[in-house]
Amino acid sequence: MQQAVLYVCEQGTSVHKSGESVIVKKDGKELLEVESFRLGTVCLVGAVQCSTQATVALMDEGIDISL
């Protein structure tokens, strides 16, 4: 299976981890949920935050994080 690249470039969003999924939120609303096994890279562009739990989980799973 080909691994996807997730680009998060909506200013003011945040990336979180919930179970086996990566969640993108803004203003308390969920914008996107994707299973982490589908991801090869997460690209954070601009004023985007990534929780410590999401960062650690992505790194543990071998998913690249680009800032």
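## Salt bridges

The structure contains 3 salt bridges, each defined as a side-chain nitrogen of Lys or Arg within 4 Å of a carboxyl oxygen of Asp or Glu. This is a predicted model, in which local features need pLDDT of at least 70, side-chain atom pairs count only at pLDDT 80 or more, and totals for chains, interfaces and linings use all residues. Residues are numbered from 1 along each chain as its sequence is written, and side-chain values use heavy atoms, with hydrogens and water left out.

## The pairs

Lys26 bonds to Glu10, with the closest N and O atoms 2.8 Å apart. This pair links distant parts of the chain: Lys26 sits in strand β3 (residues 21-26) and Glu10 in the loop between β1 and β2 (14-18), 16 residues apart. Strands are DSSP runs of E, at least two residues; helices are runs of H or I, at least four; both are numbered from the N terminus.

Glu61 pairs with Lys17 at 3.2 Å between the closest N and O atoms. Arg38 pairs with Glu35, the closest N and O atoms being 2.9 Å apart.

## The sheet

3 strands form an open sheet, ordered β1-β5-β7, with parallel pairing. Two strands pair if DSSP finds at least two bridges between them. β1 (4-8) and β7 (64-66) stand at the edges, each with a single partner strand, so one side of each has no neighbour in the sheet.

β1 is joined to β5 (residues 39-44) by 5 bridges. Val5 stands opposite Thr41 in β5.
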